[in-house]
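Please open the structure in your viewer and keep the selection tool at hand.

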Amino acid sequence: MADECFAAHRATVRGVLVRLLKDEALAEDLTQEALLRATRAGQGWRGEARPATWLTAIALNLARDHWRTQARRPVLAGLDQAEELASDDRVEESLLEAEMSACILSHIARLPERARQAVLAHHFAGLGHAEIAALLECSPANARVILHRGLAALKASLEADCRLDFADPVPCERCERD
């Protein structure tokens, strides 16, 4: 029965991963892995979190693991490709995007559960207020309030830990704590 419940949330999990990773094939692979892990651990799921939230958390952990693996993997290229790689600004931009996404996701993970669900559902899965309300089992007006408060808490968390300057090519840097 848990398998059917998890499969019903497949599109949501995949949508989160596609928006996060910007790679359809990788998102599909990680969606399958998330569902597989959820199915294997289905006996351990106590129902404290909603299935979509639990699956999304598994998927986000898989995405973080993917980024960590990519960061540790040496770039292997032939000598004829070395010059092309060195001059490719897109590689650096992709790494910065991945690092910033991981940082933002770590801040999102600190939010209270309902706020985290609303922020993930809205910004990563593209759900509207009515769909978020159905997910959170509340009214659309309450869903808007939860989302607004979640975004305000996320902004405060980012401002406390990060220095943001969108005029800078690297817009986010962690604040140095003394």
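**The largest cavity**

The largest cavity has a volume of about 80 Å³, a volume being the space filled by probe spheres set on grid points joined across faces, edges and corners. A cavity is, on a 1 Å grid over the protein atoms alone, a set of points where a 1.4 Å probe fits but cannot get out, and its lining residues have an atom within 4 Å of a point. The search of the whole structure finds 1 cavity of 30 Å³ or more.

This is a predicted model, in which local features need pLDDT of at least 70 and side-chain atom pairs count only at pLDDT 80 or more, while totals for chains, interfaces and linings use all residues. Residues are numbered from 1 along each chain as its sequence is written, and side-chain values use heavy atoms, leaving out hydrogens and water.

Select Thr12, Val16, Ala52, Thr53, Thr56, Gln117, Leu120, Ala121 and Leu135 to display the lining of the largest cavity. At least two residues of this lining come from each of helix 2 (10–21), helix 4 (51–72) and helix 7 (113–124); helices are DSSP runs (H or I, at least four residues), numbered from the N terminus. The lining comprises 5 nonpolar, 4 polar and no charged residues. Here Ala, Val, Leu, Ile, Met, Phe, Trp, Tyr, Cys and Pro count as nonpolar, Asp, Glu, Lys and Arg as charged, and the others, Gly among them, as polar.

**Helix 2 and helix 3**

Next, select helix 2 together with helix 3 (residues 24–40): they pack at an angle of about 140°, with their axes 8 Å apart. Axes are lines fitted to C-alpha atoms, for helices over the stretch in contact, and angles run from 0 to 180 degrees between N-to-C directions. On the helix 2 side, the contact (heavy atoms within 4.5 Å) includes Arg10, Val13 and Leu17, and on the helix 3 side it includes Glu24, Leu30 and Leu35. By class, this contact has 9 nonpolar, 2 polar and 4 charged residues.

**Helix 7 and helix 8**

Now select helix 7 and helix 8 (residues 129–136), whose axes come within 10 Å and cross at roughly 140°. Arg114, Gln117, Ala118, Ala121 and His122 of helix 7 meet Ile132, Leu135 and Leu136 of helix 8.

**Histidine 9**

Finally, select histidine 9, in the loop between helix 1 (2–8) and helix 2. Its C-alpha atom is separated by 7.5 Å from that of proline 51, 42 residues apart along the chain. Leaving aside neighbours within four places in sequence, histidine 9 is in contact with Pro51, Ala52 and Leu55.

Conventions:
On a 1 Å grid over the protein atoms alone, a cavity is a set of points where a 1.4 Å probe fits but cannot get out, and a pocket is an open set with protein on both sides within 12 Å along at least five of seven lines; lining residues have an atom within 4 Å of a point.
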